[in-house]
Amino acid sequence: MFVLRSRNCTKEENEAEPEEEIQEKVETSVFLKWMYLQQHWILRTILETSLFFIFSVTVLYLWPSKFTPVAYRFPDSPPLTGALQPNSELAKAKQGFKGELNGPEAIVSHEGVLYTGSADGKVLSIHNGEILVLAQFGPKNPCATKYYEEICGRPLGMAVSPFNGHLWVIDAIFGLYSVNMTTGEFKRKVSADQLIAGRYSKFFNDVSISPVNGRVYISDTSTKWRRTDFFVLGLETNPDGRILEYNPATGDLIEVCTGVSPNGIQITSDGSAILISDTSFATISKCQLIGKTRGKVEVVMKNMPGFPDNIRASPRGTHWVALTAVRQPTILIELVSPCPFLKEMIYKLSMIWKSELVRPVRDMIPKGSKPMNKKYGLIIEINEKGHVIRSLHDNSGKISSISHVQESEDGVLYLGSATNDYIGILQLS
Ligand SMILES: *[C@@H]1O[C@H](CO)[C@@H](O)[C@H](O)[C@H]1NC(C)=O
């Protein structure tokens with residue numbers, strides 16, 4: 001404005017205006033007009049965007065879903081001091097069978113043979129460095145890749161029964177099997193089609209066998225979500241899973257512990273209770289199996305330094321716990337956990353993101369994009385009181401995303417993972 005006015009003043013003084021100056025004046029006024037319109041345009045855009053945003057949030061909020069989030073506040077993660085003091089012990093593990101395995105989630109070491117499952121639905125045995133397919137519960141084809149999980153199954157936890165000498169394997173999709181370790185012959189004992197205490201199981205996860213009576217305990221992580229929905233499960237923090245008890249002598253199957261979302265499980269050596277990894281809550285609970293307190297669940301380890309996966313007894317009466325991811329302030333699930341509304345928005349947006357509708361956008365993202373959180377390997381050994389007595393770290397992330405620690409009688413740790421293409425092997429010092 002000021003410029004225009006001063007120009008007008010000078011105009012009166014000059015009789016004739018040079019042509020360039022007229023040109024300049026026209027340009028200036030066009031520019032100002034444009035600016036003026038532009039301001040409106042910006043305001044309008046802001047208004048429209050806000051309305052669109054409010055509308056979208058309302059629609060998302062009202063859109064019905066089975067997602068029922070509950071507020072859960074994680075305490076600040078424990079300081080890495082004392083028995084949790086960082087070291088590089090885990091980095092000393094070697095990546096065994098690198099490239100020959102696909103997500104060996106759980107591992108059994110029995111009489112010099114390793115048993116594990118793979119993401120393409122196979123139960124494998126490893127002897128003298130040779131990997132063989134022991135059993136495959138689903139069809140052989142098209143199970144070439146893990147993307148056929150619903151059809152091909154996903155063997156997870158396994159344990160050898162001292163009673164019938166069979167390998168018991170839980171498959172996330174299909175259920176519980178007993179497998180003859182010599183011939184690979186298998187029988188299904190529990191199926192996902194069975195209504196158990198009024199609910200169907202959606203996500204079988206781990207198995208543990210009572211050394212006292214041979215009863216087989218199963219963790220049913222959720223009666224709502226699939227294994228592939230583990231992110232949703234962690235976001236919801238509304239436990240709807242349970243521990244089931246199968247009696248091989250009678251075939252009876254009952255629910256023993258509820259109100260949990262159990263991942264790895266390990267029965268105690270006296271068969272009186274079962275330890276449960278609650279991955280979503282970064283805790284370990286204990287459920288009583290006998291007497292008046294049967295079914296009672298209490299937290300024995302709070303605020304863990306990471307999200308626990310499988311838990312297994314060591315030869316010393318302690319337990320190894322694999323932490324599938326360490327606690328980090330940038331972990332989205334932890335940040336939004338106290339806010340159910342935010343969790344619901346994230347869930348619904350993730351549903352849209354996964355839908356066919358946005359496939360073209362999704363495809364634009366380069367494959368193998370680096371995850372936001374730094375990879376950090378961590379496994380811990382705990383005593384019966386739930387105190388950490390030893391921790392092995394890999395700050396470099398070379399050995400990370402660990403789901404299982406199996407210690408053999410001769411002190412070798414075998415480290416499984418739902419996603420790695422190797423078994424970590426570490427001789428304990
Ligand atoms: C496995 O199958 C073989 C052949 O049928 C049989 O001899 C053996 O006893 C079975 N093993 C167990 C532990 O039942």
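## A covered strand

Strand E18 (residues 306–313) is mostly covered: seven of its eight residues are buried. A residue counts as buried if 20 or more other C-beta atoms lie within 10 Å of its own, as exposed if 12 or fewer do, and as partly exposed in between; the C-beta atoms are placed from the backbone. Strands (E, at least two residues) and helices (H or I, at least four) are DSSP runs, numbered from the N terminus.

E18 pairs with strand E19 (residues 319–326) in the antiparallel sense, over six bridges. Two strands pair if DSSP finds at least two bridges between them. Ala313 stands opposite His319 in E19. Five residues lie between the strands of this hairpin, and among them Gly317 takes a positive phi near 85°.

## Basis of the model

This is a predicted model: local features need pLDDT of at least 70, side-chain atom pairs count only at pLDDT 80 or more, and totals for chains, interfaces and linings use all residues. Residues are numbered from 1 along each chain as its sequence is written.

## The whole chain

The protein chain holds seven helices and 24 strands. Buried residues make up 39% of its 429 residues. The C-alpha trace spans about 115 × 50 × 45 Å along its principal axes.

The radius of gyration of the protein chain is 29 Å, but a compact globule of 429 residues would have one near 22 Å. This radius is taken over C-alpha atoms, and the globule rule is 2.2 Å times the number of residues to the power 0.38.

Strands of a sheet pair through backbone hydrogen bonds, either parallel or antiparallel. Here four strands form an open sheet in the order E14-E15-E16-E17, with antiparallel pairing. Strand E14 (265–267) and strand E17 (297–301) are the edge strands, and each pairs on one side only. The twist averages 25° from one strand to the next. Axes are lines fitted to C-alpha atoms, for helices over the stretch in contact, and angles run from 0 to 180 degrees between N-to-C directions.

Three bridges join E14 to strand E15 (residues 273–278). Ile267 has Ile274 as its bridge partner in E15, and Gln266 has Leu275. The hairpin of E14 and E15 has five residues between the strands, and Gly271 takes a positive phi near 70°.

Asp278 stands opposite Thr283 in E16. Four residues lie between E15 and E16 in their hairpin, and Ala282 in the turn has a positive phi of about 55°.

## Regions named in the record

UniProt, in an unreviewed entry, places a "transmembrane region" at residues 41–63. This stretch is 96% helix and 0% strand, with its end C-alpha atoms 32 Å apart. The UniProt entry also places the "domain: Strictosidine synthase conserved region" at residues 205–287. That region is 8% helix and 46% strand, and its end C-alpha atoms are 17 Å apart. UniProt positions are given in the numbering used here, feature names are shortened, and annotations may be inferred rather than shown by experiment.
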